[in-house]
Amino acid sequence: MEEHASASPRGPRPARLLRSPSPITVKAFWPDGGPKTVQWSRISHTIRGLIGPERLWSDWWHDSTGACARDYWVAETVEGERFWLFATHDGAGPDAGRASWFLHGFF
């Protein structure tokens, strides 16, 4: 997957959002902190390409855990699936090993 500059200040948006973000488990990370292997719904997905992160603030959601920022990634798997993933945190940045990760949509 190639990274392309967007004409707008925000990154690409998925064609389909989940009704509510689905928790995922990140099994491995790239050196920059992006997810490399994720598990969703008992299926493991290996990420071959990433765009991101794009930091979004809690202007449009309410998180009961108190997270005020999400770092979103566009992730493409080795099978060619494209997911919109995010990690929640307090705004300072996620601690990759302890961040809560979610799948939010599909491209």
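This is a predicted model: local features need pLDDT of at least 70, side-chain atom pairs count only at pLDDT 80 or more; totals for chains, interfaces and linings use all residues.
Visitor: Over the face of which residue does arginine 82 lie?
Guide: Arginine 82 is placed at 5.0 Å from a ring centre. The ring belongs to phenylalanine 107.

Visitor: Why is the pair of tryptophan 40 and phenylalanine 83 assigned its class, and which class is it?
Guide: The structure holds seven aromatic pairs. In the pair of tryptophan 40 and phenylalanine 83, the ring centres are 6.4 Å apart and the planes meet at 65°. Planes over 60 degrees apart count as edge-to-face. The class of this pair is therefore edge-to-face.

Visitor: How many residues apart are tryptophan 40 and phenylalanine 83?
Guide: The pair links distant parts of the chain. Tryptophan 40 belongs to strand β2 (residues 35–40) and phenylalanine 83 to strand β5, and the separation is 43 residues.

Visitor: What is the sense of pairing between β4 and β5, and over how many bridges does it extend?
Guide: β4 and β5 form a hairpin with four residues between them, and glycine 80 in the turn has a positive phi of about 95°. Within β5, phenylalanine 83 has alanine 75 opposite. The pairing of β4 and β5 is antiparallel, over eight bridges.

Visitor: Which residue in β6 stands opposite leucine 85?
Guide: β5 also pairs with strand β6 (residues 100–106), in the antiparallel sense and over six bridges. The residue in β6 that stands opposite leucine 85 is leucine 103.

Visitor: What is the distance in space between alanine 87 and alanine 69?
Guide: In sequence, alanine 87 and alanine 69 are 18 residues apart. From C-alpha to C-alpha, the distance in space is 8.4 Å.

Visitor: Which side chain makes a polar contact with that of glutamate 76?
Guide: Glutamate 76 lies in strand β4 (residues 69–77), and it counts as buried because its relative accessibility is 9%. Its side chain takes part in a polar contact of 2.2 Å. The partner is the side chain of arginine 48.

Visitor: Is arginine 42 buried or exposed?
Guide: Serine 41 and arginine 42 are both found in the loop between β2 and β3. Phi is positive in each, near 55° for serine 41 and near 65° for arginine 42. Serine 41 counts as exposed at 55% relative accessibility. At 79%, arginine 42 is likewise above the 50% cut-off, and therefore counts as exposed.

Visitor: What is the form of the peptide bond from glycine 52 to proline 53?
Guide: Proline 53 has its place in strand β3 (residues 43–57). The peptide bond from glycine 52 to proline 53 has an omega near 5°, and its form is cis.

Terms used: Residues are numbered from 1 along each chain as its sequence is written. Side-chain values use heavy atoms; hydrogens and water are left out. Rings of Phe, Tyr and Trp (its six-membered ring) pair if their centres lie within 6.5 Å; planes under 30 degrees apart count as stacked, over 60 as edge-to-face and the rest as tilted. Helices (H or I, at least four residues) and strands (E, at least two) are DSSP runs, numbered from the N terminus. A charge sits over a ring if NZ of Lys or CZ of Arg is within 6 Å of the ring centre and within 35 degrees of the ring normal. Buried means under 20% relative accessible area, exposed over 50%, partly exposed in between (1.4 Å probe, protein chains only). A polar contact is a pair of N or O atoms within 3.5 Å; within protein, one must be able to donate a hydrogen and the other to accept it, and residues adjacent in sequence count only if both atoms are side-chain atoms. Two strands pair if DSSP finds at least two bridges between them.
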